[in-house]
Amino acid sequence: DTPELTVTIPKGSTGNKEYIANWEEAHYYNETSDTYYVTLSEATDDAENNSRISVIKDANETVAPTIAEGKNVTLDMNGRTVALKGGVSLVNNGTLTITGESGTLTSTIQAIDNASTGILNKEGNCTITGTGGYSTIYNSGKVTLSEGTIASAIYGGIYNKTAGQII
């Protein structure tokens with residue numbers, strides 16, 4: 001479901017006027033704020049604490065989405081694929097829960113850069129893959145895995161820094 005667009009034509013408009021709209025298809029839906037987004041970086045930048053963002057259409061991302069420190073965000077893969085392209089990783093400085101009974105988050109380098117302040121929870125049967133870089137998840141914070149798949153085409157699934165924790 002995509003949102004409706006309302007166009008208001010100014011009262012008293014006369015003559016022939018041409019109105020142009022540029023449509024962009026939404027790929028993400030913030031269930032908490034009832035807002036649609038074209039890119040994951042827009043959705044994560046705008047997310048309030050305890051937001052739930054659902055992927056509603058497969059997407060290719062070229063700008064690094066970031067979860068800010070102090071924010072708690074859930075990303076529901078919803079059976080969809082999000083491909084991080086061009087050396088882009090999802091950067092987690094807050095608390096990020098990736099969930100979904102299916103779906104894939106993939107990157108041409110590591111898919112997730114979990115910072116020292118980051119708490120990453122992997123739930124549901126969705127998949128996180130990396131096709132380059134050192135690992136799929138570069139962890140300096142805390143990672144909790146409950147189910148699903150983490151796969152790497154080159155090295156390990158998780159590169160755990162000295163201070164990082166995997167539960």
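Student: How many aromatic pairs does this structure hold, and by what rule does one count them?

Tutor: Rings of Phe, Tyr and Trp (its six-membered ring) pair if their centres lie within 6.5 Å, and planes under 30 degrees apart count as stacked, over 60 as edge-to-face and the rest as tilted. By this rule the count here comes to two aromatic pairs. One of them joins Tyr-29 and Tyr-36, whose rings are tilted, with 4.6 Å from centre to centre and 40 degrees between the planes. Before we go on, note that this is a predicted model, in which local features need pLDDT of at least 70 and side-chain atom pairs count only at pLDDT 80 or more, while totals for chains, interfaces and linings use all residues. Residues are numbered from 1 along each chain as its sequence is written, and side-chain values use heavy atoms, with hydrogens and water left out.

Student: Is Tyr-29 buried or exposed, and what does Tyr-36 count as?

Tutor: The words have cut-offs: buried means under 20% relative accessible area, exposed over 50%, and partly exposed in between (1.4 Å probe, protein chains only). Tyr-29 is therefore buried, with a relative accessible area of 19%, whereas Tyr-36, at 24%, counts as partly exposed.

Student: Which residues form the stacked pair, and where do they lie?

Tutor: Tyr-138 and Tyr-159 are stacked, with 5.3 Å between the ring centres and 15 degrees between the planes. Helices (H or I, at least four residues) and strands (E, at least two) are DSSP runs, numbered from the N terminus. Tyr-138 lies in strand S14 (residues 135–139) and Tyr-159 in strand S17 (residues 156–160), so this pair ties together parts that are 21 residues apart in sequence. Tyr-138 is partly exposed at 23% relative accessibility, and Tyr-159 is partly exposed at 39%.

Student: How many salt bridges are there, and which residues take part?

Tutor: Side chains of opposite charge can pair when their charged atoms come close. A salt bridge is a side-chain nitrogen of Lys or Arg within 4 Å of a carboxyl oxygen of Asp or Glu, and the structure holds two of them. In one, Glu-31 pairs with Arg-52, the closest N and O atoms being 3.7 Å apart. Glu-31 lies in the loop between strand S1 (28–30) and strand S2 (35–37), and Arg-52 in strand S3, so this bridge ties together parts that are 21 residues apart in sequence. In the other, Asp-76 pairs with Arg-52 at 3.1 Å between the closest N and O atoms. Since Asp-76 belongs to strand S6 and Arg-52 to strand S3, this bridge ties together parts that are 24 residues apart in sequence. Through shared partners, Glu-31, Arg-52 and Asp-76 are joined into one network. Within it, Asp-76 is buried at 13% relative accessibility, while Arg-52 is partly exposed at 30% and Glu-31 is partly exposed at 38%.

Student: How many residues make up the largest nonpolar core?

Tutor: A nonpolar core is a set of buried Ala, Val, Leu, Ile, Met, Phe, Trp, Tyr and Cys residues joined through side-chain atoms within 4.5 Å. The largest one here has 26 residues, and those with the most contacts inside it are Tyr-28, Leu-90, Ile-98, Leu-105 and Ile-112. Among the elements that each supply at least two residues of this core are helix H1 (40–46) and strand S3 (51–55).
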